[in-house]
Amino acid sequence: MFASCSSDVFTQKNTLVPEVAVNASLNDPSFLSIPGDFRILPNQGYRANGIIVFNIDKQTFLAFDLTCPYLSPNECNLAMDVEDGTGVMSCAICEQSDITFTQFKTKVTINQKTYHLRQYKVSVQGNSLLVTNF
């Protein structure tokens, strides 16, 4: 049996958040050097609910849509709440506040079905980050 190699092909796991065109820049050079920090790109992503970008280790950046991934957008079309200082996300406005997401906890299982945050690609472009879905 052979193990598969990772590639640059980006695949999105199950989420109720529809795919939309995303092509946003984050121009904050200081953010690039602060591991564990996050920034929110307002008016981006599905229904312009915003995108949260995490600096994992100065070289790895993760970006997620702030639309709740386990509720139909017809049930809840508001952005998730984001805790100041931690980046912990929850759908508390539309659902239970005990279901939370972080840059490391990006999925939830409800009634034996797993839902993931809608994730976007992040690439470093000089002193900026480019967030896209293509």
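My entries on strands, disulfides and rings follow.

**Ground rules**

I am working with a predicted model, where local features need pLDDT of at least 70, side-chain atom pairs count only at pLDDT 80 or more, and totals for chains, interfaces and linings use all residues. Residues are numbered from 1 along each chain as its sequence is written, and side-chain values use heavy atoms, with hydrogens and water left out.

**Sheet**

I started with the strands, which are DSSP runs of E with at least two residues, numbered from the N terminus. Two of them pair if DSSP finds at least two bridges between them. I found an open sheet of 6 strands in the order β1-β11-β10-β4-β3-β2, with antiparallel pairing. At its edges sit β1 (23-26) and β2 (38-41), each of which pairs on one side only. Neighbouring strands here are turned by 25 degrees against each other on average, direction ignored; the axes are lines fitted to C-alpha atoms, and angles run from 0 to 180 degrees between N-to-C directions.

Next I looked at β4 (residues 61-65) against β10 (residues 119-125): the two run antiparallel and are joined by 2 bridges. I noted Ala 63, whose bridge partner in β10 is Tyr 120.

**Hairpin**

Then I checked β8 (residues 107-110) and β9 (residues 113-116), an antiparallel pair with 4 bridges. Ile 110 stands opposite Lys 113 of β9. The two strands make a hairpin with 2 residues between them, and in the turn Asn 111 has a positive phi of about 50 degrees.

**Disulfides**

How many disulfides does the structure hold? I got 2 disulfides, taking any pair of cysteine sulfur atoms within 2.5 Å as one. Counting bonded cysteines along the chain, the pattern is 1-3, 2-4.

Cys 68 is in the loop between β4 and β5 (81-82), Cys 91 in the loop between β6 (89-90) and β7 (100-101), so the pair ties together parts 23 residues apart in sequence. Cys 68 and Cys 91 are both buried (buried is under 20% relative accessible area, exposed over 50%, partly exposed in between, with a 1.4 Å probe and protein chains only).

Cys 76 is joined to Cys 94, S to S 1.8 Å. Their link is right-handed as well, with 70 degrees about the S-S bond. Cys 76 is in the loop between β4 and β5 and Cys 94 in the loop between β6 and β7, 18 residues apart. Buried or exposed? Cys 76 is buried at 3% relative accessible area, while Cys 94 is partly exposed at 27%.

**Rings**

Searching the whole structure gave me 4 aromatic pairs. Rings of Phe, Tyr and Trp (its six-membered ring) pair if their centres lie within 6.5 Å; planes under 30 degrees apart are stacked, over 60 edge-to-face, and the rest tilted. Tyr 70 and Phe 101 have ring centres 6.3 Å apart and planes at 35 degrees, so I logged the pair as tilted. Tyr 70 lies in the loop between β4 and β5, Phe 101 in strand β7, 31 residues apart. I found both Tyr 70 and Phe 101 buried.

Lys 105 lies over the face of Phe 101, at 5.8 Å from the ring centre (the rule is NZ of Lys or CZ of Arg within 6 Å of the ring centre and within 35 degrees of the ring normal). Last entry: ring pairs link Phe 38, Phe 54 and Phe 64 into a cluster.
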